[in-house]
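Keep the structure open beside you as you read.

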Amino acid sequence: MIGLSEELTAALLATQDYKCQLCQRDELTLARDFDSTGATRGMLCQRCKTMLGLIETKKYEWPSLLHFVEQGEEHAKAILQQAKLDNPISPSLKARWHSLTEAQFDALLASQGNRCAICFLFRRLGVNKDKNGHVRGLLCRGCNILLGLLSQDIVGMLDRVDYHLIYGVRDARSVLDHVLFRRKEQLICERAAQEESIHERPPWEVWSLKDEAEDSTPH
Ligand SMILES: [Zn+2]
Ligand SMILES: [Zn+2]
């Protein structure tokens with residue numbers, strides 16, 4: 001895999017204001033992100049690179065992920081409430097189920113058809129909560145990790161990921177092409193200046209060149 005030269009990397013970093021293209025955090029070590037063909041998409045922090053890898057390789061259903069983030073809490077609230085009403089004398093809280101009673105956990109599980117709410121796979125599921133501690137639903141380990149990596153503003157982050165995957169290569173290429181074009185222009189200017197300096201030689205030098213040429217002609 002061929003990397004970028006220091007000059008091109010610096011140009012990319014400058015256009016990103018030295019922040020990670022996705023999470024917008026700075027003061028991080030940023031690494032080149034590229035697509036399956038090796039084309040540069042921009043500079044990302046390690047956390048976002050991992051997150052992007054998860055999204056790309058697992059081919060998550062984005063609509064179900066968004067639906068879970070936006071509607072999960074409301075959906076879970078109704079289920080948990082109902083389970084509580086159905087089982088007024090709830091069994092003791094199970095710590096490993098994050099403060100849900102067994103009945104509440106089972107009710108959530110049944111509402112999701114025993115599958116992860118995002119990838120729909122039959123996996124061992126854990127409780128997922130939003131930043132305020134409200135239960136959103138049950139997720140497999142992979143989807144739980146992915147939501148954690150997507151950071152707090154998940155909807156905003158998904159928008160940026162979407163943009164990055166569609167336009168990252170195009171945008172990065174325009175930056176890189178611009179730098180390469182500038183360098184080419186510079187080389188042409190330098191060459192032109194060199195040629196000009198040859199023509200601007202003092203007359204005696206031109207004469208001496210002419211003399212040499214005349215000397216070499218056969219008489
Ligand atoms: Zn990042
Ligand atoms: Zn899952």
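Leu 125 is buried, because 22 other C-beta atoms lie within 10 Å of its own. Here, buried means 20 or more other C-beta atoms within 10 Å, exposed means 12 or fewer, and partly exposed is in between, with C-beta atoms placed from the backbone. You'll find Leu 125 in the loop between helix 4 (102-111) and strand 3 (126-129). Helices (H or I, at least four residues) and strands (E, at least two) are DSSP runs, numbered from the N terminus.

Before going further, a word on where this comes from. This is a predicted model, in which local features need pLDDT of at least 70 and side-chain atom pairs count only at pLDDT 80 or more, while totals for chains, interfaces and linings use all residues. Residues are numbered from 1 along each chain as its sequence is written, and chains are lettered from A and ligands numbered from 1 in the order in which they are written.

**Who touches Leu 125?**

Skipping its neighbours within four places in sequence, Leu 125 is in contact with Leu 109, Cys 116, Leu 138, Leu 139 and Cys 140. Contact means that two C-beta atoms, placed from the backbone, lie within 7 Å. Take Cys 140: it sits 15 residues away from Leu 125 along the chain, yet their C-alpha atoms are separated by 4.6 Å.

**Helix 4 and its partner**

Which residues of helix 4 are buried? They are Gln 104, Phe 105, Ala 107 and Leu 108. Looking down the axis of helix 4, these buried residues fall within an arc of 160°, so they line one face of the helix. That arc is the one of the directions from the helix axis to the C-beta atoms. In general, an α-helix has 3.6 residues a turn, so residues three or four places apart point the same way. The buried residues of helix 4 pack against helix 3 and strand 4 (135-139).

Helix 3 (residues 62-86) packs against helix 4 at an angle of about 135°, with their axes 9 Å apart. Axes are lines fitted to C-alpha atoms, for helices over the stretch in contact, and angles run from 0 to 180 degrees between N-to-C directions. That angle makes helix 3 oblique to helix 4. (Under 35 degrees is roughly parallel, over 145 roughly antiparallel, 65 to 115 roughly perpendicular, and the rest oblique.) Among the residues making the contact are Ala 76, Ile 79 and Leu 80 of helix 3, and Ala 103 and Gln 104 of helix 4.

**Positive phi and the loops**

Most residues other than glycine have a negative phi. Tyr 18 has a positive one, near 60°, and Gln 24 does too, near 65°. Both Tyr 18 and Gln 24 are in the loop between helix 1 and strand 1. Just after helix 4, Gly 113 also takes a positive phi, of about 65°.

| Residue | Other C-beta atoms within 10 Å |
|---|---|
| Gln 24 | 16 C-beta atoms |
| Asp 153 | 13 C-beta atoms |

Asp 153 belongs to the loop between helix 5 (141-149) and helix 6 (154-199). Its C-alpha atom and that of Lys 131, 22 residues apart along the chain, are separated by 9.9 Å.

**Zooming out**

The protein chain has 7 helices and 4 strands. Of its 219 residues, 21% are buried.
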